[in-house]
Amino acid sequence: MASAAEQLARNLSFSTFSKAKELQKRIFFTLGALLVYRLGTYIPIPGIDPDAFASTFQQAQGGIFGLFNMFAGGAVERLAIFALNLIPYITASIVIQVMSTASPRLEALKKEGESGRRKLNQYTRYLTVIFCAVQAYGIAVGLEASEGVVADPGWFFRVSTVITLVGGTMFLMWLGEQMTARGVGNGISLIIFAGIVASLPATIAQTLELSRTGALPTIAVVGILIGAIVVIGVIVFFERAQRRLLIQYPKRQVGNKMYQGDTSHLPLKLNTAGVIPVIFSSSLLLLPATIATFSAQGDAPQWLQYISALLGRGQPLYLALFAGMIIFFAFFYTSIVFNPTETADNLKRSGGFIPGIRPGERTAQHIDYVLTRITVVGAIYLTIVALIPEVFLSQLNISAFLGGTSLLIMVTVTLDTVSQIQSHLIAQQYEGMVKKSRLGGRKR
């Protein structure tokens, strides 16, 4: 039998949405916040020559610049105040989460509830400022090394650049938190999603122009289109895939009546971590790669130029590190968001059990065993989707906007956002049903 939530989901209609005033406010707030973000990607940092930097960017956009520009929503090519985007914040979040598993003090904060979460968020903000300052200073030095880009090189330009870029990232971090609290949710992911979608039409037009001029074979364009459709289908399939564990509840007696035991399912997503491993891995790779790429311009040491070349898009070292990080974060983030021991304890308290498995520790071991196996499949899926298109597109020198990473982020965030909106609609309809039942009871 279908659950109450599933029955409500089937009954959703446009009239339900028109009555959900709270959801409409959340959607409008989210759209307004994204509009503010997009406006910020067109405000350049002070003290640079946009035309000179545009020529410099055109020479390097096929490498790591292109991938960084994708996450920044085109703000890098315009050298806007949001050029760093949320990459430092995501990197800081990764570091804090990793440290919380190794540090007893941080692990204790995680168990303190809301107060502990606030302290961890504060530590993440402090670390974000440090990462922003380091990365912004590397960008400022790299810009000074580029001929004609900076109007007046010196410490004033470096300090102003650091303050501007750090302020831009901190504002985006605050904006993402507001979108999560007052919007439809997934604020950080939606900001990255908006940047990718906003730059997608220009990328498609550029690819078609390359085909028209003969720089890119027509068969390659057709192959890219078919490949994108196939990748989107694969992403939707794997993101919706679940492994359902059968849960049984014993018979119970209420008064003189004996009620039959009920059955349900414990759904385990094939990709529990979602798109987080890909975003985390890209963020960690972009931090050193961006500094090395900027600093390698001009009279940089030979070893720094060598590192910059190794971390270039499509290079073996870059692909190997990317794949290894995706697999690591798929398991790491899954272990954070899903606790088999806690789930087994909740089942035991509610009287539920998995047929053939003893409640308690044995149930936790069984859930962990199943979760590990399906996470292996999910990690392999994420790695293939993120890397295989990247290899082909880097060989064709096509923008990273058409790669597997961008498609994965767009499709996954879209599915999550639709689920969030549907949850709000279900909650709205459920509240309406409760109010009607109360009114009916009063009339009687």
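Predicted model: local features only at pLDDT ≥ 70, side-chain atom pairs only at ≥ 80, totals over all residues.
Where does Asn186 lie? Asn186 sits in the loop between α9 (155-182) and α10.

Phi of Asn186 is near 55°, a positive value in a residue other than glycine. Most residues other than glycine have a negative phi. Asn85 also has a positive phi, near 55°. Asn85 belongs to the loop between α5 (64-71) and α6 (87-102).

Is Asn85 buried or exposed? Asn85 is buried, because its relative accessible area is 1%, under the 20% cut-off. Asn186 counts as partly exposed, at 23% relative accessibility.

## The overall picture

The protein has 17 helices and 4 strands. Of its 444 residues, 46% are buried. Take the contacts between residues at least 6 apart in sequence: 74% of them join residues at least 24 apart.

| Helix | Residues | Number of residues | Span, first to last C-alpha | Expected span |
|---|---|---|---|---|
| α3 | 21-40 | 20 residues | 29 Å | 28 Å |
| α10 | 187-213 | 27 residues | 40 Å | 39 Å |

The span of α3 is close to the expected value. The span of α10 is also close to its expected value.

Where does α10 bend? The bend is at Leu200, by about 35°. A proline, Pro201, follows within four residues. Just after α10 comes Gly214, with a positive phi of about 90°.

Helix α3 has a list of buried residues. Among them are Leu23, Ile27, Thr30, Ala33, Leu34 and Tyr37. The list also includes Gln24, Arg26 and Arg38. Residues three or four places apart in an α-helix point the same way, because the helix has 3.6 residues a turn.

## The nonpolar cores

In soluble globular proteins, nonpolar side chains tend to be buried together. How many residues does the largest nonpolar core have here? The count is 96. The residues with the most contacts inside this core include Leu86, Ile90, Leu143 and Ile235. Phe322, Leu408 and Ile409 belong to that group too. Helix α16 (residues 361-396) gives the largest share of this core, 9 residues. A second, separate core has 7 residues, including Ile96, Leu106, Leu109 and Phe131.

Thr383 lies in helix α16. Thr383 is buried, because its relative accessible area is 13%.

Pro359 lies in the loop between α15 (340-349) and α16. Pro359 is partly exposed, with a relative accessible area of 40%. Pro359 touches Lys348 and Phe353, not counting residues up to four places away in sequence. Pro359 and Arg349 are 10 residues apart in sequence. Their C-alpha atoms are 9.7 Å apart in space.

## Aromatic pairs

The structure holds 12 aromatic pairs. In one of them, the ring centres of Phe280 and Tyr333 are 6.1 Å apart. Their planes stand at 85°, so the pair is edge-to-face. Phe280 lies in helix α12 (residues 276-295) and Tyr333 in helix α14 (residues 316-337), so the pair ties together parts that are 53 residues apart in sequence. Both Phe280 and Tyr333 are buried.

Why does the pair of Phe328 and Phe329 count as edge-to-face? Their planes are at 70°, and the cut-off for edge-to-face is over 60 degrees. The ring centres of Phe328 and Phe329 are 5.1 Å apart. Phe328 is partly exposed, with a relative accessible area of 45%, whereas Phe329 is buried at 3%.

These residues come together in one aromatic cluster: Phe280, Phe328, Phe329, Phe332 and Tyr333.

Terms used. Residues numbered from 1 in each chain as written. Heavy atoms only, no water. Helix = DSSP H or I, 4+ residues; strand = E, 2+ residues; numbered from the N terminus. Expected span 1.5 Å × (residues − 1). Buried < 20%, exposed > 50% of the residue type's maximum accessible area, 1.4 Å probe, protein only. Core = buried A, V, L, I, M, F, W, Y, C linked by side-chain atoms within 4.5 Å. Contact = heavy atoms within 4.5 Å. Bend = angle between axes of the 7 residues up to and from the residue. Phe/Tyr/Trp six-rings, centres within 6.5 Å; stacked < 30°, edge-to-face > 60°.
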